[in-house]
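Trainee: I am new to this kind of model, and I would like to learn how to read a few of its features. Could we go through them together?

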Amino acid sequence: MTDKRRQRRRRRGRKRRGSRTLPVLLVLLFLICAGITGGAVYLYQYPLELKNEVVNQELKEPFQPEKNIRRVRFGEKDEVKITGQVNTESEGDYEITYSCRRDRQKVKVKVRDTKPPVLKTKPYTTDTAGDVSPEMFVQEVTDASEVTLQFKTPETEKTEGTKEIEIEAVDASGNRTTEKASLTRQKDTEKPAVSGVADEEILQGKTLDFQNGITVSDNLDPAPVLEIDSAGVDFTVPGTYIVTYKATDRSGNVETVQKKVTVLRNAEYEQKVVYLTFDDGPSENTGKILDILKEYNAKATFFVTGNNQKWNSLLKRAHDEGHAVGLHTYTHDYKTVYSSEEAYFEDLGRISDMVKEVTGDESHIIRFPGGGSNTVSAKYSPGLMTTLTRKVQEMGYQYFDWNCDSTDASGNNVPVEKLVENATSCEAKHINILMHDTDAKDTTVEALPKIIEHYREQGYTFLPLTMDSYAPHHKVNN
């Protein structure tokens with residue numbers, strides 16, 4: 001074969017090979033571009049890159065789920081929506097979801113208490129008789145959960161001197177902290193101190209709480225024992241009596257203090273007295289009652305509300321004619337009045353202001369809605385009456401329940417005979433009769449003359465209530 005033919009054949013081969021290579025290269029180029037484009041599309045649609053699939057969260061510390069986002073491809077972190085609830089107040093496992101475009105990733109959040117309590121101790125000094133507890137040595141202890149305090153080793157020695165002890169704080173998750181403190185024991189030779197003892201005067205028939213205002217303290221015993229001997233005091237007989245206060249600490253040191261109690265003669269106490277009391281007025285019936293009282297020369301007490309003020313002129317008349325105007329309630333709405341201590345005194349202030357504006361005088365006599373023994377107040381504020389019955393007296397008021405009930409509160413138009421029978425069935429030396437003077441109590445008005453006549457025949461006088469009058473107090477039930 002000639003050289004020319006070989007050269008022509010080689011050129012034809014190169015052309016054929018070139019024609020086959022080009023399509024292959026084009027296919028490869030297409031696949032590469034498609035792969036790059038597909039990858040870019042995938043990364044755009046699923047852009048989230050998180051740091052952890054499980055996040056450890058400390059109990060009661062702020063939870064910041066956005067910090068678990070490492071990055072967002074082709075975007076910003078604020079594009080990510082985080083859903084799910086994590087309660088950092090309670091240990092447990094929670095689940096949240098991170099969402100961005102088509103990407104959804106679930107993450108478990110483990111809320112745990114891993115930090116030990118922070119414990120600060122202080123030295124403690126006591127006598128050789130008392131027991132000690134870990135709490136006595138603790139200045140401050142804080143933790144995310146409840147902490148139990150204990151001695152590292154039991155503390156049983158009660159000899160004089162100073163020693164080092166170890167206090168251990170253990171939280172609900174078992175984390176522990178131990179700190180040292182010093183315990184000093186010394187012999188106690190100092191008497192307790194009794195404070196608040198002062199001589200007192202009281203009207204015959206009234207009573208005193210001999211514990212009220214008395215405090216006992218000791219240099220080393222936190223709870224010295226106080227004994228009060230008032231057995232010789234007779235509130236019904238005028239005279240001067242001695243009350244003895246004896247305080248003893250656990251080391252046997254004793255302090256004795258005495259006070260004089262002078263019972264003053266009370267002319268009202270020595271009389272047989274009926275206190276006619278009318279609640280919930282004024283109304284038109286208040287005027288009718290005042291007419292009857294004037295006719296019989298009898299005095300009474302009106303515990304008033306702010307619900308019918310068009311008849312307030314009758315309160316002025318009652319006051320001017322020598323009757324007592326007391327404070328019942330401004331609203332007479334139990335739910336409002338007994339919702340709280342603050343609500344009661346707000347209502348009391350309003351009725352007090354009204355009475356002073358109408359009569360010109362302040363009134364300090366009270367009747368609680370439902371009486372001091374009411375239980376309805378417990379629906380709105382448990383324990384409220386225990387507080388109110390004490391506090392009103394501390395504030396200079398006196399509250400009056402009753403020891404005789406006409407039962408006119410049981411309904412409207414209770415038969416006159418029934419009211420008279422109930423209201424005249426009492427035989428105490430000092431009788432406080434519960435009645436009402438609202439518009440609906442017509443039969444109370446009709447019964448009143450017979451009630452007055454009955455007690456007058458028995459030698460009773462009819463007086464208005466004052467701060468010094470006999471005050472029947474029911475048993476407090478709330």
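Mentor: Let us begin with burial: a residue is called buried under 20% relative accessible area, exposed over 50%, and partly exposed in between, with a 1.4 Å probe and protein chains only. This is a predicted model, in which local features need pLDDT of at least 70 and side-chain atom pairs count only at pLDDT 80 or more, while totals for chains, interfaces and linings use all residues. Residues are numbered from 1 along each chain as its sequence is written, and side-chain values use heavy atoms, with hydrogens and water left out.

Trainee: Is Cys404 buried or exposed, and why?

Mentor: Cys404 counts as buried because its relative accessibility is 2%. Cys100 is likewise buried, with a relative accessible area of 2%, and Cys426 is buried at 15%.

Trainee: Which residues does a disulfide join here?

Mentor: A disulfide is a pair of cysteine sulfur atoms within 2.5 Å. The structure holds 1 disulfide, which joins Cys404 to Cys426 with an S to S distance of 2.2 Å. The pair links distant parts of the chain, 22 residues apart, with Cys404 in strand β24 (residues 404–405) and Cys426 in the loop between α8 (416–423) and β25 (430–436); here helices (H or I, at least four residues) and strands (E, at least two) are DSSP runs, numbered from the N terminus. The link of Cys404 and Cys426 is right-handed, with 90° about the S-S bond.

Trainee: Where is Glu284 found, and is it buried or partly exposed?

Mentor: Glu284 lies in helix α3 (residues 284–296), and it counts as partly exposed because its relative accessibility is 43%.
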